[in-house]
Amino acid sequence: MSKRTTSTKTGVPEDFQVSPRIVELAQLRGWPDPNQQVERFVNHHLAHGTLMANWEAGFRTWLMKAKEFADEKAARVYTQDKPMVRSF
């Protein structure tokens, strides 16, 4: 039987820094600029008292979701701006 290791969950470090690897991934994957998102990320998790085992993984997820939300918002704006065509 294998032992399951559990990671200790901690609160977000107030001095959480964007790693060069995150910047590289963001550029490769078309995510928002991590340096513009990090303050929002930290403030959100401080305000909610979030506990997490891996804050860098949490930030990667934050960036992926930020891109998804931006893409969805752009799609909604695009469809709302299109003129309605009625067929008779």
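The accessible surface of the chain comes to about 7,300 Å², and 52% of it belongs to carbon and sulfur atoms (Shrake-Rupley method, 1.4 Å probe). The model is predicted: local features need pLDDT of at least 70, side-chain atom pairs count only at pLDDT 80 or more, and totals for chains, interfaces and linings use all residues. Residues are numbered from 1 along each chain as its sequence is written, and side-chain values use heavy atoms, with hydrogens and water left out.

**Overall layout**
- The chain has 3 helices and 2 strands (DSSP runs, H or I of at least four residues for helices and E of at least two for strands, numbered from the N terminus).
- Along the sequence, the pattern reads β-α-α-β-α.
- Of the 88 residues in the chain, 24% are buried (under 20% relative accessible area, with exposed over 50% and partly exposed in between, for a 1.4 Å probe and protein chains only).

**Nonpolar core**
- The largest nonpolar core has 14 residues (buried Ala, Val, Leu, Ile, Met, Phe, Trp, Tyr and Cys residues joined through side-chain atoms within 4.5 Å).
- Helices H1 (20-29), H2 (34-48) and H3 (55-81) each supply at least two residues of this core.
- Among the residues with the most contacts inside the core are Phe 41 and Trp 55 (contact means heavy atoms within 4.5 Å).

**Helix H2**
- The buried residues of H2 are Pro 34, Gln 37, Val 38, Phe 41, Val 42 and His 45.
- Seen down the axis of H2, these buried residues fall within an arc of 140°, so they line one face of the helix (the arc is that of the directions from the helix axis to the C-beta atoms).
- On the other side of H2, Gln 36, Glu 39, Arg 40 and Ala 47 are exposed.
- Gly 49 follows H2 and has a positive phi, near 65°.
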